[in-house]
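Here is a short briefing to read alongside the structure. Have a look at the model first, and then we can walk through a few of its features together.

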Amino acid sequence: MTLATATPRSRKQSEPKGTDRKQTDYGAWFLVLPALIPILVLSVGPLLYGISLAFTDSQAGRTEPTAWIGTLNFQDLLHDTLFWDSFRIGLLWAIGVSVPQFLLALGLALLLNQNLRFRWLARALAIVPWAMPEVVVGIMWRLVYNPDAGILNETIRNLGLGEGRDWLTGLATALPAVIVVGIWAGMPQTTVALLAGLQNTPHELHEAAALDGAGAWRRFRTVTWPALKPVALAITALNFIWNFNSFALVYVLTNGGPGGRTRLPMLFAYEEAFRYGQFGYAAAMGCVMVAVISVMLALYLVGRLKGGDEQ
């Protein structure tokens with residue numbers, strides 16, 4: 001009886017009162033504010049301003065006040081073949097970088113997960129491109145692709161395979177050339193994510209499969225891949241979104257040329273805003289890209305939730 005009557009009383013005493021709960025909430029918000037304010041000022045605020053700008057005729061150098069024009073910018077965008085060409089190029093770029101990037105990173109992660117000599121050195125060298133800014137990577141690869149003194153053309157000449165070519169200004173080679181750079185620059189982060197997933201896979205499962213007579217491919221298909229699949233889906237989706245929004249790397253390498261063959265949607269919006277001064281029209285392009293990325297994220301999250309329910 002003593003325990004039965006004491007338990008509810010002690011529970012009531014341990015529960016915070018209304019005033020204490022409010023003070024706790026205020027304290028939590030106070031601690032979150034230093035991280036929340038930069039997000040609101042630098043991300044949410046510009047996003048809302050850009051969305052509102054898409055419904056105006058804002059231009060650089062105008063003496064007349066900016067007017068509200070509704071959806072006119074979006075109507076013009078529907079008939080802008082140059083923008084949709086850049087959108088198609090952006091999809092080709094994102095797929096062309098993300099898929100080989102994942103396959104190569106998966107092979108490298110499997111190799112670095114083995115018990116090899118100097119494995120620590122190989123892992124350190126594998127993340128070197130990740131530590132380099134995109135502008136530096138672009139400048140470095142422009143030197144590699146240089147038609148006169150670049151190491152690529154010099155190697156081709158030394159091997160007797162021809163005189164080389166101008167990789168970044170050729171209509172047929174510009175996009176493949178920048179895709180190679182994109183794969184090289186983004187592969188380390190994919191490798192690190194996959195390597196972390198591999199290291200979280202219980203080693204006992206591999207040993208049990210090996211004792212049952214499973215070969216390397218079967219162990220990968222039945223043990224490694226099911227454990228690695230959530231990480232693989234997450235990093236692939238993020239890579240696709242990051243690559244679709246690429247700007248600095250392609251801007252440094254080709255500036256969207258030649259003839260718009262490497263003009264990604266972000267480059268096209270940048271040119272409209274800061275070269276031609278069409279701020280409202282460029283903001284409408286940004287809204288379309290935000291909508292596309294939001295749909296991609298929604299599809300990814302729905303797939304993740306369905307996968308979690310099935311498990």
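Helix α9 (residues 203-211) packs against α10 at an angle of about 150°, and their axes lie 10 Å apart. The two helices are therefore roughly antiparallel to each other, a term for angles over 145 degrees, while under 35 is roughly parallel, 65 to 115 roughly perpendicular and the rest oblique. Please keep in mind that this is a predicted model, in which local features need pLDDT of at least 70 and side-chain atom pairs count only at pLDDT 80 or more, while totals for chains, interfaces and linings use all residues. Residues are numbered from 1 along each chain as its sequence is written, and side-chain values use heavy atoms, with hydrogens and water left out.

**α9 against α10**
- On the α9 side the contact (heavy atoms within 4.5 Å) is made by L205, H206, A209 and A210, and on the α10 side by R219, V223 and T224.
- These residues divide into four nonpolar, two polar and one charged; Ala, Val, Leu, Ile, Met, Phe, Trp, Tyr, Cys and Pro count as nonpolar, Asp, Glu, Lys and Arg as charged, and the others, Gly among them, as polar.
- Axes here are lines fitted to C-alpha atoms, for helices over the stretch in contact, with angles from 0 to 180 degrees between N-to-C directions.

**α8 against α10**
- Helix α8 (residues 174-199) and helix α10 (residues 216-244) have axes that come within 9 Å and cross at roughly 160°.
- That makes α8 roughly antiparallel to α10, and the crossing is right-handed.
- From α8 the contact draws on Q189, T190, A193, L194, G197 and L198, and from α10 on T224, L228, V231, A232, I235, N239 and W242.
- Eight of the contact residues are nonpolar, five are polar and none is charged.

**N243 in α10**
- N243 sits in helix α10 and, at 10% relative accessibility, counts as buried (under 20% relative accessible area; over 50% is exposed and in between is partly exposed, with a 1.4 Å probe and protein chains only).
- Leaving aside residues up to four places away in sequence, N243 touches W93, A94, V97, S98 and Q101.
- N243 and S98 are 145 residues apart in sequence, yet 7.4 Å apart in space, C-alpha to C-alpha.

**The α11-α12 loop and α12**
- N255 lies in the loop between α11 and α12 and has a positive phi of about 55° although it is not a glycine.
- At 31% relative accessibility, N255 counts as partly exposed.
- P258 is found in the loop between α11 (248-253) and α12 (265-274), and the peptide bond from G257 to P258 is cis, with omega near -10°.
- α12 is mostly covered, with seven of its ten residues buried: P265, L267, F268, A269, E271, E272 and A273.

**The protein overall**
- The secondary structure comes to 13 helices and zero strands, where helices (H or I, at least four residues) and strands (E, at least two) are DSSP runs numbered from the N terminus.
- The radius of gyration is 27 Å, well over the 19 Å that the globule rule gives for 311 residues, so the protein is more spread out than a compact globule; the radius is taken over C-alpha atoms, and the rule is 2.2 Å times the number of residues to the power 0.38.
- Along its principal axes the C-alpha trace spans about 95 × 70 × 35 Å.
- Of the 311 residues, 33% count as buried.

Key. A crossing is left-handed if the near helix is turned anticlockwise from the far one by less than a right angle, and right-handed if clockwise.
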